[in-house]
Amino acid sequence: MNKSPSAMQEQDGLDRSELLPLSPLSPTMEEEPLVIFLSGEDDPEKIEERKKSKELRSLWRKAIHQQILLLRMEKENQKLEGASRDELQSRKVKLDYEEVGVCQKEVFITWDKKLLNCRAKIRCDMEDIHTLLKEGVPKSRRGEIWQFLALQYRLRHRLPNKQQPPDISYKELLKQLTAQQHAILVDLGRTFPTHPYFSVQLGAGQLSLFNLLKAYSLLDKEVGYCQGISFVAGVLLLHMSEEQAFEMLKFLMYDLGFRKQYRPDMMSLQIQMYQLSRLLHDYHRDLYNHLEENEISPSLYAAPWFLTLFASQFSLGFVARVFDIIFLQGTEVIFKVALSLLSSQETLIMECESFENIVEFLKSTLPDMNTSEMEKIITQVFEMDISKQLHAYEVEYHVLQDELQESSYACEDSEPLEKLERANSQLKRQNMDLLEKLQVAHAKIQTLESNLENLLTRETKMKSLIRTLEQEKMAYQKTVEQLRKLLPADALASCELLLRDLNCNPNNKAKMGNKP
């Protein structure tokens, strides 16, 4: 009893969790406590012993309570360790992509220092951030760095009250129902179908993506849900939690203004296509002329780039680097990346001589770049500055639209607006009909091509069979010649007569064939 409780519990190799804690006090009396308690009550020594007994029971209760608390804490720690392991595994699955560019250890340490300013909400020098971002971003800290860049932007730019999103929390939005549910569910399987985090049907990745898209569709009633948003949301989810991704999606849409291109009228997207066309015209005239000669407008190949921020066609490592710069510089990054991609492959695009070859190259071959080509593109984007040109092209587009509208009103022979709208709708229907016919024609062409391949295969087999038969015929002719040399003349004459009869009367030939 004089030993400490821990020494008593560890004795004989027993587990601490299997024993109740021992009393921290050791009784000094020589008799059993129960005998002392049942003896006389008036003795002061006995009263003192009773007090000690109460203190002993109190200490026992405290010790037992503390032991229970320790056991509970151990269980909670085990749960936390399990959750931590699951989180690490989830992060490993999420970040399963090849980085573009290597982030040095010094850059990693510098980013850690910058992230401390993010927690303190301190303004940082944008030139330093630009230089650091150019040197690289550690994949494991990319989500935190995006949030840091968003904070730096908001510290410098105040969004007007009219343009701010409704003040509704993410959890409240998830409790509501959205009219866009079917469209979102259909696109879940189409968003990064090969990435392990999103490939499992209704797995953790798809459920998080559904929650995020549902919440945003309820937040932004005007935009709701557009197909390209799922890729943007998916990239965010790979680097942060759902609520953090929701905040960064709001930042991209509202603060940086990307939501304009997802509006139902698509007016902003039309302006962007015009701006890209003008950039090609001014900086890469030969490529612009080549695309115009083959009737290839930017909307045919660049619309998915803008709507998904390159995430639907390019590798995730390249897309992550593009997002790095977007969080720093905003919407003009998309134009710079598109222009750099087209200019880097200008020679190969010029070699494509037909509409189909050019479109196939831009949609399939161009995104399949190696790492060095991607790094070169990112370097060009950091060094490029086209903000003034983009602003001038946007003003130019609006001026042209105003002039066209005025000229249509001023024309004396112009038809009423209702007739023009009817004609426009009719042309749209005709266009849809022609597209359907074109699809049917393509299907027929594919069928005919497959039939032609089958016929060519059969023709090859027939030619091979004919050659075999000709060889057999030559062999039979040699055999007949040898037989003629061996047989006497009268036997040959009778054989020739018999052959003539067979050739003249096929029925006799059939009868002879049936004879045994």
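Biologist: Which glutamate does the side chain of lysine 134 meet in a salt bridge?

Modeller: Keep in mind that this is a predicted model: local features need pLDDT of at least 70, side-chain atom pairs count only at pLDDT 80 or more, and totals for chains, interfaces and linings use all residues. Numbering runs from 1 along each chain as its sequence is written, and side-chain values use heavy atoms, with hydrogens and water left out. A salt bridge here takes a side-chain nitrogen of Lys or Arg within 4 Å of a carboxyl oxygen of Asp or Glu. At 3.9 Å, N to O, the partner of lysine 134 is glutamate 383.

Biologist: How many residues apart are lysine 134 and glutamate 383?

Modeller: Lysine 134 sits in helix α5 (residues 126-135) and glutamate 383 in helix α21 (residues 371-383); helices are DSSP runs of H or I, at least four residues, numbered from the N terminus. The pair links distant parts of the chain, and the separation is 249 residues.

Biologist: Is glutamate 383 buried or exposed?

Modeller: Buried means under 20% relative accessible area, exposed over 50%, and partly exposed in between (1.4 Å probe, protein chains only). Lysine 134, at 38%, is partly exposed. Glutamate 383 has 56%, so we call it exposed.

Biologist: What parts of the chain do glutamate 222 and arginine 259 tie together?

Modeller: Their side chains meet in a salt bridge at 3.1 Å, N to O. The two are 37 residues apart in sequence, so the pair ties the loop between α10 (204-219) and α11 (229-237) to the loop between α12 (242-255) and α13.

Biologist: Which residues are linked in a network of salt bridges?

Modeller: A search of the whole structure finds 17 salt bridges. Some of them join up into a network, and its members are Glu99, Arg142, Arg321 and Asp324.

Biologist: Which element supplies the largest share of the lining of the largest cavity?

Modeller: A cavity is a set of points, on a 1 Å grid over the protein atoms alone, where a 1.4 Å probe fits but cannot get out; lining residues have an atom within 4 Å of a point. Among the lining residues are Ser277, Tyr288, Glu292 and Tyr301. At least two residues each come from α13 (267-283), α14 (285-293) and α15 (298-301). The largest share, 3 residues, comes from α14.

Key:
On a 1 Å grid over the protein atoms alone, a cavity is a set of points where a 1.4 Å probe fits but cannot get out, and a pocket is an open set with protein on both sides within 12 Å along at least five of seven lines; lining residues have an atom within 4 Å of a point.
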